[in-house]
Amino acid sequence: MAAALNLNLYLLAINFLCTFPFLIPLSESQIAPSTQDDPAENQSQNQTSTICDHTIFSFLPHGYRNQRGFLCSHAGGSVYFKFLQNKDNETTVFLSREKFSGWMGFGFSKDGGMVGSTAVVGWTGGELITERMKKVKVKPGIAKFFLQGKDKGNVIPFKGDEFMNFTDNPPFVITNDDLFYMGFQVKFDAPLAQQYVILAMGTDQPYIELNSSIVSLTKHTNQAVMQVDFSSGYGESGTDAQGLQKVRHGVLGLVGWGAVLPFGAIIPRYLRGMGGPQWFFLHISIQIVGFLLGLSTVFLGGQLYNELLPEHRSSLKAHRPIGIVAFSLSILQVLALVIRPHKTSEWRKYWNWYHRWVGRVALFLGSTNIMIGLSIAEAGPAWKIGFGFLATFLVLTVACLESSPGLPRFRKSDTASVFGND
(Lines give C-alpha, C1' and ligand atoms only; values in the text may rest on other atoms or scores of the structure.)
Protein backbone atom coordinates (compact mmCIF):
# COMPACT_ATOMS: atom_id res chain seq x y z
CA MET A 1 0.00 0.00 0.00
CA ALA A 2 2.74 2.43 0.95
CA ALA A 3 4.71 1.45 -2.15
CA ALA A 4 1.69 2.17 -4.36
CA LEU A 5 1.21 5.54 -2.65
CA ASN A 6 4.86 6.40 -3.15
CA LEU A 7 4.67 5.34 -6.83
CA ASN A 8 1.67 7.63 -7.37
CA LEU A 9 3.64 10.45 -5.76
CA TYR A 10 6.52 9.86 -8.16
CA LEU A 11 4.23 9.81 -11.18
CA LEU A 12 2.50 13.02 -10.06
CA ALA A 13 5.84 14.79 -9.70
CA ILE A 14 7.02 13.49 -13.08
CA ASN A 15 3.85 14.58 -14.91
CA PHE A 16 3.85 18.06 -13.39
CA LEU A 17 7.57 18.69 -13.96
CA CYS A 18 7.33 17.54 -17.58
CA THR A 19 4.29 19.68 -18.44
CA PHE A 20 5.03 22.85 -16.45
CA PRO A 21 7.80 24.29 -18.70
CA PHE A 22 5.43 24.27 -21.65
CA LEU A 23 2.84 26.26 -19.69
CA ILE A 24 5.26 29.15 -19.08
CA PRO A 25 4.67 30.90 -22.43
CA LEU A 26 0.90 30.74 -21.82
CA SER A 27 1.24 32.62 -18.53
CA GLU A 28 2.15 35.79 -20.43
CA SER A 29 -1.44 36.26 -21.57
CA GLN A 30 -2.91 35.40 -18.17
CA ILE A 31 -1.15 38.08 -16.14
CA ALA A 32 -3.10 41.33 -15.97
CA PRO A 33 -2.50 44.46 -13.88
CA SER A 34 -4.71 44.80 -10.84
CA THR A 35 -4.54 48.58 -10.66
CA GLN A 36 -6.66 51.09 -12.57
CA ASP A 37 -4.56 53.17 -14.94
CA ASP A 38 -5.25 56.52 -16.46
CA PRO A 39 -7.30 56.16 -19.71
CA ALA A 40 -4.79 58.24 -21.66
CA GLU A 41 -1.97 56.00 -20.47
CA ASN A 42 -3.94 52.90 -21.45
CA GLN A 43 -4.52 54.36 -24.88
CA SER A 44 -0.79 54.93 -25.26
CA GLN A 45 -0.06 51.36 -24.14
CA ASN A 46 -2.55 50.00 -26.69
CA GLN A 47 -0.80 52.04 -29.38
CA THR A 48 2.55 50.60 -28.37
CA SER A 49 1.32 47.01 -28.57
CA THR A 50 0.00 47.64 -32.08
CA ILE A 51 3.08 49.11 -33.74
CA CYS A 52 5.59 47.13 -31.67
CA ASP A 53 4.28 43.60 -32.10
CA HIS A 54 4.06 41.34 -35.13
CA THR A 55 0.33 41.82 -35.81
CA ILE A 56 1.23 44.90 -37.82
CA PHE A 57 2.59 42.77 -40.65
CA SER A 58 -0.75 41.14 -41.51
CA PHE A 59 -2.05 44.17 -43.43
CA LEU A 60 1.20 45.49 -44.90
CA PRO A 61 2.11 45.29 -48.60
CA HIS A 62 3.43 41.89 -49.60
CA GLY A 63 7.13 42.79 -49.66
CA TYR A 64 7.07 43.90 -46.02
CA ARG A 65 5.10 41.07 -44.40
CA ASN A 66 7.94 38.60 -43.93
CA GLN A 67 10.43 40.96 -42.32
CA ARG A 68 11.17 40.36 -38.65
CA GLY A 69 13.70 41.51 -36.07
CA PHE A 70 12.59 45.14 -35.79
CA LEU A 71 13.46 47.42 -32.90
CA CYS A 72 10.75 49.80 -31.72
CA SER A 73 11.11 53.34 -30.37
CA HIS A 74 8.76 55.96 -28.95
CA ALA A 75 9.23 59.30 -30.69
CA GLY A 76 6.87 61.23 -28.42
CA GLY A 77 3.11 61.63 -28.16
CA SER A 78 1.33 58.94 -30.15
CA VAL A 79 4.19 58.53 -32.65
CA TYR A 80 6.17 55.28 -32.69
CA PHE A 81 8.61 53.94 -35.22
CA LYS A 82 10.28 50.61 -35.92
CA PHE A 83 13.46 50.03 -37.86
CA LEU A 84 15.41 47.14 -39.28
CA GLN A 85 18.72 47.06 -41.13
CA ASN A 86 19.73 43.90 -42.97
CA LYS A 87 23.15 42.77 -44.11
CA ASP A 88 22.58 44.18 -47.61
CA ASN A 89 22.51 47.71 -46.14
CA GLU A 90 18.75 47.92 -46.70
CA THR A 91 16.97 49.86 -43.96
CA THR A 92 13.24 49.43 -43.39
CA VAL A 93 11.29 51.97 -41.32
CA PHE A 94 7.67 51.86 -40.13
CA LEU A 95 5.94 54.77 -38.41
CA SER A 96 2.53 54.99 -36.78
CA ARG A 97 0.46 57.73 -35.24
CA GLU A 98 -3.09 58.04 -34.00
CA LYS A 99 -5.41 58.84 -36.87
CA PHE A 100 -4.98 62.48 -37.93
CA SER A 101 -5.14 64.72 -40.98
CA GLY A 102 -1.90 66.02 -42.44
CA TRP A 103 1.57 64.66 -43.15
CA MET A 104 4.43 62.98 -41.28
CA GLY A 105 8.06 62.80 -42.35
CA PHE A 106 11.13 60.76 -41.41
CA GLY A 107 14.48 62.21 -42.45
CA PHE A 108 18.15 61.17 -42.37
CA SER A 109 20.54 63.97 -41.38
CA LYS A 110 24.34 64.08 -41.25
CA ASP A 111 24.58 66.55 -38.38
CA GLY A 112 21.08 66.83 -36.89
CA GLY A 113 20.14 69.81 -39.06
CA MET A 114 17.44 69.98 -41.72
CA VAL A 115 19.62 71.46 -44.45
CA GLY A 116 21.22 68.74 -46.55
CA SER A 117 19.06 65.92 -45.20
CA THR A 118 16.82 63.53 -47.13
CA ALA A 119 13.34 62.56 -45.96
CA VAL A 120 10.39 60.36 -46.74
CA VAL A 121 7.03 62.04 -46.18
CA GLY A 122 3.62 60.36 -46.08
CA TRP A 123 0.27 62.12 -45.93
CA THR A 124 -3.22 60.99 -44.93
CA GLY A 125 -5.19 62.58 -47.75
CA GLY A 126 -8.05 65.01 -47.35
CA GLU A 127 -9.07 68.53 -48.27
CA LEU A 128 -6.55 71.32 -48.79
CA ILE A 129 -7.44 74.98 -49.04
CA THR A 130 -4.97 76.59 -51.43
CA GLU A 131 -3.59 80.12 -51.24
CA ARG A 132 -6.35 81.13 -53.64
CA MET A 133 -8.93 79.82 -51.12
CA LYS A 134 -9.82 76.91 -53.35
CA LYS A 135 -10.64 73.50 -51.93
CA VAL A 136 -8.57 70.69 -53.39
CA LYS A 137 -9.03 66.98 -52.74
CA VAL A 138 -5.71 65.31 -51.95
CA LYS A 139 -5.30 61.51 -52.05
CA PRO A 140 -3.10 59.64 -49.53
CA GLY A 141 0.48 59.31 -50.73
CA ILE A 142 4.18 59.18 -49.95
CA ALA A 143 7.26 60.77 -51.56
CA LYS A 144 10.98 61.46 -51.16
CA PHE A 145 12.33 64.94 -50.47
CA PHE A 146 15.70 66.65 -50.39
CA LEU A 147 15.91 69.47 -47.84
CA GLN A 148 18.10 71.96 -49.65
CA GLY A 149 17.15 74.79 -47.27
CA LYS A 150 14.70 75.79 -44.59
CA ASP A 151 12.34 77.70 -46.84
CA LYS A 152 9.30 76.03 -48.33
CA GLY A 153 10.69 76.33 -51.85
CA ASN A 154 13.90 74.52 -50.85
CA VAL A 155 12.10 71.32 -49.82
CA ILE A 156 12.45 69.56 -53.15
CA PRO A 157 10.62 66.35 -54.12
CA PHE A 158 12.57 63.92 -56.29
CA LYS A 159 12.05 60.58 -58.00
CA GLY A 160 15.57 59.50 -58.79
CA ASP A 161 18.24 57.85 -56.66
CA GLU A 162 20.64 60.77 -56.41
CA PHE A 163 19.80 61.37 -52.73
CA MET A 164 18.00 58.24 -51.54
CA ASN A 165 17.53 54.88 -53.23
CA PHE A 166 14.25 53.03 -52.65
CA THR A 167 14.36 49.24 -53.02
CA ASP A 168 11.92 47.18 -55.06
CA ASN A 169 9.52 47.27 -52.10
CA PRO A 170 7.44 50.39 -52.76
CA PRO A 171 6.76 52.82 -49.87
CA PHE A 172 3.24 52.87 -48.47
CA VAL A 173 0.70 54.68 -46.30
CA ILE A 174 -2.18 52.81 -44.65
CA THR A 175 -4.91 53.69 -42.15
CA ASN A 176 -5.96 50.73 -40.00
CA ASP A 177 -7.89 50.59 -36.68
CA ASP A 178 -7.74 54.37 -36.21
CA LEU A 179 -3.97 54.40 -36.67
CA PHE A 180 -2.02 55.92 -39.56
CA TYR A 181 0.95 53.89 -40.79
CA MET A 182 3.68 54.72 -43.26
CA GLY A 183 6.70 52.68 -44.24
CA PHE A 184 9.55 52.48 -46.69
CA GLN A 185 12.76 50.61 -47.45
CA VAL A 186 15.92 52.35 -48.66
CA LYS A 187 19.34 51.06 -49.62
CA PHE A 188 22.56 52.79 -48.58
CA ASP A 189 26.12 52.29 -49.80
CA ALA A 190 27.30 51.44 -46.29
CA PRO A 191 25.56 50.23 -43.11
CA LEU A 192 24.09 52.89 -40.84
CA ALA A 193 25.38 53.17 -37.27
CA GLN A 194 24.63 56.15 -35.02
CA GLN A 195 22.46 58.33 -37.23
CA TYR A 196 20.65 61.62 -36.71
CA VAL A 197 16.95 61.30 -37.51
CA ILE A 198 14.46 64.13 -38.05
CA LEU A 199 10.76 63.64 -37.40
CA ALA A 200 8.42 66.36 -38.65
CA MET A 201 4.64 66.67 -38.87
CA GLY A 202 2.18 69.05 -40.45
CA THR A 203 -1.56 69.46 -40.02
CA ASP A 204 -2.32 70.42 -43.66
CA GLN A 205 -2.23 68.28 -46.76
CA PRO A 206 0.65 68.78 -49.21
CA TYR A 207 -0.19 70.48 -52.47
CA ILE A 208 0.11 68.38 -55.62
CA GLU A 209 0.21 70.28 -58.86
CA LEU A 210 -2.49 69.44 -61.39
CA ASN A 211 -1.56 66.60 -63.80
CA SER A 212 1.81 66.30 -62.07
CA SER A 213 3.45 64.31 -59.32
CA ILE A 214 5.32 67.33 -57.96
CA VAL A 215 4.45 67.72 -54.29
CA SER A 216 4.79 70.91 -52.27
CA LEU A 217 4.84 70.42 -48.51
CA THR A 218 3.00 72.75 -46.19
CA LYS A 219 4.91 74.13 -43.21
CA HIS A 220 5.51 71.68 -40.40
CA THR A 221 3.84 72.24 -37.02
CA ASN A 222 6.05 69.94 -34.97
CA GLN A 223 9.60 68.69 -35.29
CA ALA A 224 12.05 66.53 -33.32
CA VAL A 225 15.66 65.45 -33.79
CA MET A 226 17.10 62.29 -32.23
CA GLN A 227 19.99 59.88 -32.60
CA VAL A 228 19.19 56.30 -33.54
CA ASP A 229 21.63 53.38 -33.42
CA PHE A 230 20.62 51.54 -36.59
CA SER A 231 23.41 49.00 -36.03
CA SER A 232 21.39 47.55 -33.13
CA GLY A 233 18.51 46.76 -35.47
CA TYR A 234 20.10 44.16 -37.71
CA GLY A 235 17.79 41.40 -38.86
CA GLU A 236 16.95 39.01 -41.64
CA SER A 237 13.92 38.92 -43.90
CA GLY A 238 11.66 35.93 -43.42
CA THR A 239 12.71 35.22 -39.83
CA ASP A 240 12.23 36.71 -36.41
CA ALA A 241 16.01 37.35 -36.34
CA GLN A 242 17.42 38.49 -32.99
CA GLY A 243 14.06 38.90 -31.30
CA LEU A 244 12.90 35.33 -31.92
CA GLN A 245 16.40 33.96 -31.40
CA LYS A 246 16.55 35.54 -27.93
CA VAL A 247 13.21 33.97 -27.04
CA ARG A 248 14.36 30.55 -28.23
CA HIS A 249 17.62 30.90 -26.32
CA GLY A 250 15.71 31.79 -23.16
CA VAL A 251 13.09 29.05 -23.50
CA LEU A 252 15.69 26.33 -24.17
CA GLY A 253 17.80 27.48 -21.23
CA LEU A 254 14.83 27.71 -18.89
CA VAL A 255 13.47 24.27 -19.82
CA GLY A 256 16.87 22.54 -19.97
CA TRP A 257 18.65 24.02 -16.92
CA GLY A 258 15.56 24.96 -14.93
CA ALA A 259 13.49 21.80 -15.27
CA VAL A 260 14.86 18.81 -17.20
CA LEU A 261 18.38 18.55 -15.74
CA PRO A 262 17.32 19.18 -12.09
CA PHE A 263 14.53 16.64 -12.43
CA GLY A 264 16.89 14.05 -13.93
CA ALA A 265 19.36 14.66 -11.10
CA ILE A 266 16.89 13.64 -8.38
CA ILE A 267 15.88 10.39 -10.11
CA PRO A 268 18.69 8.20 -8.65
CA ARG A 269 18.08 9.33 -5.07
CA TYR A 270 14.34 8.64 -4.98
CA LEU A 271 13.72 5.88 -7.55
CA ARG A 272 16.72 3.55 -7.38
CA GLY A 273 15.48 1.95 -4.16
CA MET A 274 12.36 0.64 -5.89
CA GLY A 275 14.38 -2.12 -7.52
CA GLY A 276 15.28 -2.88 -11.11
CA PRO A 277 17.35 -0.89 -13.61
CA GLN A 278 14.45 1.32 -14.75
CA TRP A 279 15.64 4.29 -12.70
CA PHE A 280 19.05 4.09 -14.38
CA PHE A 281 17.66 4.26 -17.93
CA LEU A 282 15.21 7.00 -16.93
CA HIS A 283 18.03 9.04 -15.38
CA ILE A 284 20.27 8.65 -18.44
CA SER A 285 17.45 9.45 -20.90
CA ILE A 286 16.37 12.61 -19.11
CA GLN A 287 19.91 13.89 -18.70
CA ILE A 288 20.68 13.32 -22.39
CA VAL A 289 17.60 15.35 -23.30
CA GLY A 290 18.74 18.06 -20.89
CA PHE A 291 22.26 18.01 -22.35
CA LEU A 292 20.89 18.45 -25.89
CA LEU A 293 18.74 21.36 -24.73
CA GLY A 294 21.83 22.89 -23.13
CA LEU A 295 23.81 22.37 -26.33
CA SER A 296 21.08 24.14 -28.32
CA THR A 297 21.06 26.97 -25.79
CA VAL A 298 24.81 27.48 -26.14
CA PHE A 299 24.62 27.33 -29.93
CA LEU A 300 21.91 30.03 -30.12
CA GLY A 301 23.72 32.10 -27.51
CA GLY A 302 26.91 31.98 -29.57
CA GLN A 303 25.05 33.17 -32.66
CA LEU A 304 23.49 36.06 -30.73
CA TYR A 305 26.88 37.04 -29.31
CA ASN A 306 28.55 37.06 -32.74
CA GLU A 307 25.84 39.34 -34.13
CA LEU A 308 26.39 41.95 -31.42
CA LEU A 309 28.70 44.89 -31.91
CA PRO A 310 31.72 44.95 -29.53
CA GLU A 311 30.30 47.84 -27.50
CA HIS A 312 27.10 45.87 -26.84
CA ARG A 313 28.87 42.75 -25.52
CA SER A 314 29.81 44.22 -22.14
CA SER A 315 26.40 43.30 -20.69
CA LEU A 316 27.29 39.61 -21.20
CA LYS A 317 30.55 39.69 -19.22
CA ALA A 318 29.03 37.39 -16.56
CA HIS A 319 26.29 35.56 -18.45
CA ARG A 320 28.50 34.23 -21.23
CA PRO A 321 31.42 32.81 -19.17
CA ILE A 322 29.07 31.25 -16.61
CA GLY A 323 27.15 29.59 -19.42
CA ILE A 324 30.36 28.24 -20.94
CA VAL A 325 31.54 26.84 -17.59
CA ALA A 326 28.16 25.25 -16.83
CA PHE A 327 28.00 23.60 -20.25
CA SER A 328 31.62 22.41 -19.95
CA LEU A 329 30.71 20.73 -16.67
CA SER A 330 27.73 19.07 -18.36
CA ILE A 331 30.15 17.67 -20.96
CA LEU A 332 32.21 16.20 -18.09
CA GLN A 333 29.00 14.59 -16.81
CA VAL A 334 28.45 12.92 -20.17
CA LEU A 335 32.07 11.74 -20.20
CA ALA A 336 31.51 10.30 -16.72
CA LEU A 337 29.43 7.54 -18.27
CA VAL A 338 32.35 6.61 -20.52
CA ILE A 339 35.11 6.62 -17.88
CA ARG A 340 32.99 5.00 -15.17
CA PRO A 341 35.14 2.42 -13.31
CA HIS A 342 33.79 -0.93 -12.21
CA LYS A 343 31.89 -0.88 -8.92
CA THR A 344 34.57 -3.03 -7.30
CA SER A 345 37.35 -0.68 -8.33
CA GLU A 346 39.09 1.38 -5.66
CA TRP A 347 38.58 4.44 -7.92
CA ARG A 348 34.81 4.06 -7.81
CA LYS A 349 34.32 6.24 -4.72
CA TYR A 350 36.36 9.07 -6.26
CA TRP A 351 34.35 8.78 -9.44
CA ASN A 352 31.15 9.02 -7.34
CA TRP A 353 32.38 12.21 -5.68
CA TYR A 354 33.35 13.67 -9.02
CA HIS A 355 30.01 12.81 -10.65
CA ARG A 356 27.89 14.17 -7.80
CA TRP A 357 29.74 17.42 -7.20
CA VAL A 358 30.32 18.32 -10.84
CA GLY A 359 26.60 17.83 -11.37
CA ARG A 360 25.68 19.97 -8.38
CA VAL A 361 27.98 22.81 -9.41
CA ALA A 362 26.70 22.67 -12.99
CA LEU A 363 23.06 22.89 -11.84
CA PHE A 364 23.86 25.78 -9.50
CA LEU A 365 25.63 27.71 -12.26
CA GLY A 366 22.83 26.94 -14.72
CA SER A 367 20.13 28.24 -12.37
CA THR A 368 22.20 31.32 -11.54
CA ASN A 369 22.72 32.02 -15.22
CA ILE A 370 18.99 31.82 -15.89
CA MET A 371 18.44 34.64 -13.40
CA ILE A 372 21.28 36.68 -14.93
CA GLY A 373 19.86 36.13 -18.41
CA LEU A 374 16.37 37.21 -17.39
CA SER A 375 17.85 40.38 -15.92
CA ILE A 376 19.94 41.18 -19.03
CA ALA A 377 16.99 40.58 -21.37
CA GLU A 378 14.71 42.67 -19.15
CA ALA A 379 12.24 39.80 -19.31
CA GLY A 380 8.60 40.40 -18.51
CA PRO A 381 7.01 39.37 -15.23
CA ALA A 382 5.65 36.12 -16.68
CA TRP A 383 9.18 34.78 -17.27
CA LYS A 384 10.34 35.70 -13.76
CA ILE A 385 7.22 34.38 -12.08
CA GLY A 386 7.44 31.18 -14.13
CA PHE A 387 11.07 30.53 -13.18
CA GLY A 388 10.42 31.40 -9.54
CA PHE A 389 7.43 29.09 -9.39
CA LEU A 390 9.37 26.29 -11.08
CA ALA A 391 12.30 26.63 -8.68
CA THR A 392 9.94 26.71 -5.68
CA PHE A 393 8.10 23.65 -6.90
CA LEU A 394 11.34 21.70 -7.31
CA VAL A 395 12.46 22.62 -3.79
CA LEU A 396 9.07 21.67 -2.30
CA THR A 397 9.04 18.39 -4.25
CA VAL A 398 12.44 17.41 -2.88
CA ALA A 399 11.37 18.43 0.63
CA CYS A 400 8.24 16.29 0.43
CA LEU A 401 10.15 13.30 -0.91
CA GLU A 402 12.80 13.68 1.81
CA SER A 403 10.21 13.80 4.56
CA SER A 404 8.08 10.96 3.21
CA PRO A 405 8.25 8.07 5.75
CA GLY A 406 9.45 4.76 4.42
CA LEU A 407 10.47 6.25 1.06
CA PRO A 408 13.47 4.39 -0.40
CA ARG A 409 16.26 6.79 -1.22
CA PHE A 410 19.93 6.69 -1.96
CA ARG A 411 22.22 7.49 1.01
CA LYS A 412 25.97 7.84 1.36
CA SER A 413 26.03 4.60 3.28
CA ASP A 414 24.64 2.70 0.31
CA THR A 415 27.18 0.47 -1.35
CA ALA A 416 25.38 0.04 -4.68
CA SER A 417 26.74 1.90 -7.69
CA VAL A 418 25.32 5.23 -8.67
CA PHE A 419 24.66 4.06 -12.24
CA GLY A 420 23.22 0.69 -11.47
CA ASN A 421 24.76 -2.72 -11.72
CA ASP A 422 27.55 -3.42 -14.21
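**Reading burial and pairing**

Tutor: Start with Ser330, which counts as buried because its relative accessibility is 10%. Buried means under 20% relative accessible area, exposed over 50%, and partly exposed in between (1.4 Å probe, protein chains only). This is a predicted model, where local features need pLDDT of at least 70, side-chain atom pairs count only at pLDDT 80 or more, and totals for chains, interfaces and linings use all residues. Residues are numbered from 1 along each chain as its sequence is written, and side-chain values use heavy atoms, with hydrogens and water left out.

Student: Which residues does Ser330 touch, not counting residues up to four places away in sequence?

Tutor: Contact means heavy atoms within 4.5 Å. By that rule, Ser330 touches Trp257 and Phe291.

Student: How should I read the two sides of a strand?

Tutor: In a regular strand the side chains alternate between the two faces of the sheet. Strands are DSSP runs (E, at least two residues), numbered from the N terminus. In strand 2, Val79, Phe81, Phe83 and Gln85 on one side are buried, as are Tyr80, Lys82 and Leu84 on the other. Seven of the seven residues of strand 2 (residues 79-85) are buried, so the strand is largely enclosed by the rest of the structure.

Student: How many bridges join strand 2 to strand 3?

Tutor: Two strands pair if DSSP finds at least two bridges between them. Six bridges join strand 2 to strand 3 (residues 90-98), and the two run antiparallel. Within this pairing, Gln85 has Thr91 as its bridge partner. Strand 1 (residues 71-76) is also antiparallel to strand 2, with five bridges, and Leu71 stands opposite Phe83.

How values were computed:
Helix = DSSP H or I, 4+ residues; strand = E, 2+ residues; numbered from the N terminus.
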